[in-house]
Amino acid sequence: MTATFEPESCVLRYCRPGFEGECGEELASEAAASGIAGALLPDAGFVAFRSAGAPARAALDRIADWRNSIFARQCLPVFAVLEALPRADRLTPIMAALGARGERFFDAWVEAPETDEGKALAAFCRSFGNALIGGLKKTRLLDPTAPRRLHAFFPKSDNVYLASVDPRTSAPWPQGIPRLKFPREAPSRSTLKLEEALLVLLDENERERWLKPGMSAVDLGAAPGGWTWQLVRRSLRVTAVDNGPMDAALMQSGIVVHAREDGFRFRPKKPVDWMVCDMVEQPRRIAELVARWFADGWCRHCIFNLKLPMKKRYAETMLCLDLIEGKLASAGREVELRAKQLYHDREEITVFCRLRK
Ligand SMILES: C[S@@+](CC[C@H](N)C(=O)[O-])C[C@H]1O[C@@H](n2cnc3c(N)ncnc32)[C@H](O)[C@@H]1O
């Protein structure tokens with residue numbers, strides 16, 4: 001069966017398996033806020049939303065924008081769903097749908113969810129990717145100057161969603177997963193969380209402007225030092241706050257001071273450029289702490305983790321973000337918050353916060 005959507009009235013969001021509920025709640029709440037009625041179809045490793053009618057283009061663009069979402073690794077505006085594809089030749093019906101649409105693409109990605117079923121499709125996705133690129137070339141639908149990328153997403157080997165994606169509003173990694181290499185000298189695997197946060201939550205220009213050599217930072221819950229290592233790598237001077245031991249080699253950098261103190265009581269002697277926080281604590285306590293640091297002017301930028309409870313994870317996330325905004329608004333400060341569940345996050349999300357004024 002083939003279903004095509006004109007204009008695109010179906011949106012897919014990929015997410016961490018196990019977080020389909022949160023991803024769906026977020027998508028439903030954004031659709032409602034944009035005035036789009038429709039049905040939510042949570043699956044495994046992704047969520048689909050089909051609007052009831054033909055919604056306004058701008059409203060659909062908003063819910064298909066990866067940058068606006070906390071729980072989506074990728075967002076796709078879908079233009080066709082093909083089901084019961086023949087195993088012997090999946091390409092012909094897909095090329096027929098693409099030919100009927102007539103849109104040119106600068107690239108094509110073939111993807112599957114990050115579930116066990118999806119992982120079993122990895123080899124197929126690689127080889128089918130080559131076949132699809134070949135098909136696009138043959139029909140002159142591959143064009144390096146075209147503005148959009150084609151995504152062919154296979155939840156199962158005989159079903160595919162086709163989407164036309166604007167690279168400016170989507171994640172720039174297949175499956176929405178940045179594959180980072182663990183740096184061997186880093187003291188812990190947690191280092192990848194901060195590396196990914198800096199990559200996903202800031203753009204290149206912001207990384208250059210806001211992370212300059214010689215800047216100062218405080219790392220709350222720093223031991224053994226994976227996050228501090230990322231800051232030291234960028235030549236920031238770091239106060240690492242933790243009662244636990246810091247990695248000896250990292251301390252030899254000469255730009256780290258270890259403060260064996262409680263992260264909730266620690267106060268910097270002077271305001272710092274950055275505060276980062278990876279303490280395992282109730283999310284509301286962390287949100288209160290972050291609000292305090294900004295209200296009292298102790299830092300200008302912050303990246304922190306909110307470890308989510310098992311139940312009501314979406315509600316807790318929104319409550320914590322609202323708490324920070326609310327407290328700072330009453331202190332006369334306006335902050336910008338950007339939150340994502342990163343690939344390297346498990347039962348948690350990562351948030352960037354900065355003072356606007
Ligand atoms: C997940 S680990 C941090 C890992 C670290 N970000 C890294 O990359 O190596 C959490 C740390 O928070 C510390 N911690 C928990 N509660 C704390 C508190 N109240 N004050 C200071 N450190 C705390 C723990 O000692 C632990 O080392």
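Predicted model: local features only at pLDDT ≥ 70, side-chain atom pairs only at ≥ 80, totals over all residues.
Reader: Fine. How far is the Trp227 backbone from the ligand?
Author: A backbone N or O atom of Trp227 sits 3.0 Å from a ligand oxygen. That falls within the 3.5 Å cut-off.

Reader: And which side-chain distances go with Asp242 and Asp278?
Author: An N or O atom in the Asp242 side chain is 2.8 Å from an oxygen atom of the ligand. For Asp278, a side-chain N or O atom is 2.8 Å from a nitrogen atom of the ligand.

Reader: How much of the ligand does the protein bury?
Author: The protein buries 76% of the 600 Å² that the ligand exposes when taken alone.

Reader: Switching to the fold. What is the strand order in the open sheet?
Author: E11-E10-E9-E12-E13-E15-E14, 7 strands with mixed pairing.

Reader: Which strands stand at the edges?
Author: E11, residues 256–259, and E14, residues 335–340. Each has a single partner strand, so one side of each has no neighbour in the sheet.

Reader: What's the twist?
Author: On average 15 degrees from one strand to the next.

Reader: Parallel or antiparallel for E9 and E10?
Author: Parallel, over 5 bridges. E9 covers residues 216–220 and E10 covers 237–241. Within that pairing, Leu220 has Val241 of E10 as its bridge partner.

Reader: Which strands does helix H8 lie across?
Author: E9, E10, E11, E12 and E13. H8 spans residues 226–233 and runs at about 170 degrees to E10.

Reader: And H10? What does that helix lie across?
Author: E9, E12, E13, E14 and E15. H10, residues 283–295, runs at about 180 degrees to E13.

Reader: What about phi of Arg140?
Author: Near 60 degrees, a positive value in a residue other than glycine. Arg140 belongs to the loop between helix H5 and strand E7.

Technical notes. Residues numbered from 1 in each chain as written. Heavy atoms only, no water. Polar contact = N/O pair within 3.5 Å; in protein donor to acceptor, adjacent residues only side chain to side chain. Areas by Shrake-Rupley, 256 points an atom, 1.4 Å probe, with all protein chains shown as cover. Pairing = 2+ DSSP bridges. Helix = DSSP H or I, 4+ residues; strand = E, 2+ residues; numbered from the N terminus. Axes fitted to C-alpha atoms, helices over the stretch in contact; angles between N-to-C directions. Contact = heavy atoms within 4.5 Å.
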